[in-house]
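Hello,

Here is the structure I promised to hand over. Please open it first, then read the notes below.

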Amino acid sequence: MTLLLLACAGPEPEPVDSTPSVETEAPIDSEPLVETEDTAPPVDTVVPYVPEVTTETIGDQEMSNDWLYDKSVLHTVDITLPHSAYAGLLASPYTYVEGRVDIDGEYFGSVGVRLRGKIGSFRALTSKPKFRVDLNQYVDNQRLWGLESVSLNNSVVDCSYMKEAMASEIFATVDVPASRMAWARVSVNGEDYGTYVFLETQDDAFLRQHWDDGSGNLYDGKYVWYGGYNYTLLDFALGVDHLYQLEEGVDNGGTDISDISQALTGDFYTKTAAVLDWDAIHRAWAAEQWLGQNDGYVLNRNNYRVYFDPDDGKAELVPWDYDYSFLQDSQWGRSWNNPTGNLAYACRYDTACRADWRTAVEDVMGELNAVDWGAEAEDMAAFLEDSLADDPKPVCTGAQVTQYQTYIKQWGNTRGAYMTTFWGL
């Protein structure tokens, strides 16, 4: 029965980048990582702008910025880079340079701009890169409706431009902390770069949106990249605790991460319950399985954040980066019955932990089944149609866009049946 239901979902359309094999465990990209061209349209030097911002206004803006992620609004993001900054990003794409940005008519005269993405999604500045715009890099307390920064995704491995949007709706529906998103039309020095995913950065502003006390430690669980195809996947009890990068909070030498690793020995479920919020983790994993997130913690030890809530000292695994979602586990030679992540593997084979995981799936499915996800996908496709049709830097052909979007519409109508069969609900 399970095989029949999987077949009904249909094959994933051929992606723009090749799907990684079991051996590589990470997306593969053949485009060079650094361009050598040193030309850019001449622009004026940046002019610093210091807004009048107080702690109170920042808090008020953070609590009322949902409109930034309204999926019926196409934002405009106009980035201006002086010649030296443009050349700097060509030579060192991950190093911030100083530029200007206009977001929906709100001007910021001095911001940090760098490129994002690694093995799977990196594109050079002259192509269609991911961007990070840090409003606070050069001017303290410079905010866009409470936000310190803006992340812009190029969607180069998702022809539909809808995977991250659907993921954000799924997580919100089941109350799992995850980035909100919308879409934007982006330009650089007046050149139209086309349609982008306008993504909420997971920083201290994000933490305050989801936890009463957002001052805890947030670590990045994405693989550590050394260039080319050399990287280290991060997981607990692998002797790599020191490689988790602290994104927010206070450096304690990684002792909180080490506490999780040490709890994996002996009476696993009892010991980890003292340092992990299992209820939250089980719900997040249930949502990720519904999404077919092949590149997350459970199946690939990748694309997750670890947040320690000061209220109880326990950690949650926060989902991140969903462009390799909406995939069957078998497409990467994986199985949800045989997780790769140490925590998920141990839970799968611990009777009590697996039972609680199944209960969380049942609760999550009750909430997800109340939504017509096929109709949600239909609405998103209709909204994106015009912007994708005249994108001057398309990552896919029109036929590929239609194929991917149709696939996601069908996924939303069939995934619930798969989950019900898999867990015997």
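This is a predicted model: local features need pLDDT of at least 70, side-chain atom pairs count only at pLDDT 80 or more; totals for chains, interfaces and linings use all residues.

**Helix packing around α13**

α12 passes α13 in a right-handed crossing.

The axes of α12 (residues 373–389) and α13 come within 7 Å. They cross at roughly 165°. An angle over 145 degrees counts as roughly antiparallel, and α12 and α13 are therefore roughly antiparallel to each other. On the α12 side, the residues that meet α13 are W373, G374, A377, E378, A381, L384 and L388. On the α13 side, they are V401, Q405, I408, K409, G412 and N413.

**α13 itself**

α13 covers residues 398–423, which makes 26 residues. From its first C-alpha to its last, α13 reaches 37 Å. That is close to the 38 Å expected at 1.5 Å a residue. Where does α13 bend? The bend is at T414, by about 40°. After α13 comes G424, with a positive phi near 65°.

N413 sits in helix α13. Is N413 buried or exposed? Its relative accessible area is 55%, and the cut-off for exposed is over 50%, so N413 is exposed. Leaving aside residues up to four places away in sequence, N413 touches D372 and G374. G374 also belongs to the α12 residues that meet α13. The C-alpha atoms of N413 and V371 are separated by 9.8 Å. Along the chain, N413 and V371 are 42 residues apart.

α11 passes α13 in a left-handed crossing. The contact uses R354, W357, R358, V361 and M365 of α11. From α13 it uses G416, M419 and W423.

α12 has 17 residues, which should span 24 Å at 1.5 Å a residue. Its end C-alpha atoms are 24 Å apart, so the two agree. α12 bends by about 35° at F383. Which residues of α12 are buried? They are W373, G374, A377, M380, A381, L384, S387 and L388.

α12 also meets α4 (163–173). The axes of α4 and α12 come within 11 Å and cross at roughly 140°. α4 and α12 are therefore oblique to each other. α4 passes α12 in a right-handed crossing. A165, M166, E169, I170 and T173 of α4 make the contact. They face W373, E376, A377 and M380 of α12.

**Loops to check**

N141 lies in the loop between β4 (130–134) and β5 (149–153). Its relative accessibility is 37%, so N141 counts as partly exposed.

D175 lies in the loop between α4 and β6 (181–188). Its relative accessibility is 66%, so D175 counts as exposed.

A274 is another loop residue. Its loop runs between α7 (268–272) and α8 (278–291). A274 is exposed, with a relative accessible area of 55%. The C-alpha atoms of A274 and G313 are separated by 8.6 Å. Along the chain, A274 and G313 are 39 residues apart.

**The whole protein**

The secondary structure comes to 13 helices and 13 strands. The protein has 425 residues, and 57% of them count as buried. How many of the contacts between residues at least 6 apart in sequence join residues at least 24 apart? The share is 74%.

Best wishes

Notes:
Residues are numbered from 1 along each chain as its sequence is written. Side-chain values use heavy atoms; hydrogens and water are left out. Helices (H or I, at least four residues) and strands (E, at least two) are DSSP runs, numbered from the N terminus. The expected span of a helix is 1.5 Å times one less than its number of residues. The bend at a residue is the angle between axes fitted to the seven residues ending there and the seven starting there. Buried means under 20% relative accessible area, exposed over 50%, partly exposed in between (1.4 Å probe, protein chains only). Contact means heavy atoms within 4.5 Å. Axes are lines fitted to C-alpha atoms, for helices over the stretch in contact, and angles run from 0 to 180 degrees between N-to-C directions. Angles under 35 degrees count as roughly parallel, over 145 as roughly antiparallel, 65 to 115 as roughly perpendicular and the rest as oblique. A crossing is left-handed if the near helix is turned anticlockwise from the far one by less than a right angle, and right-handed if clockwise.
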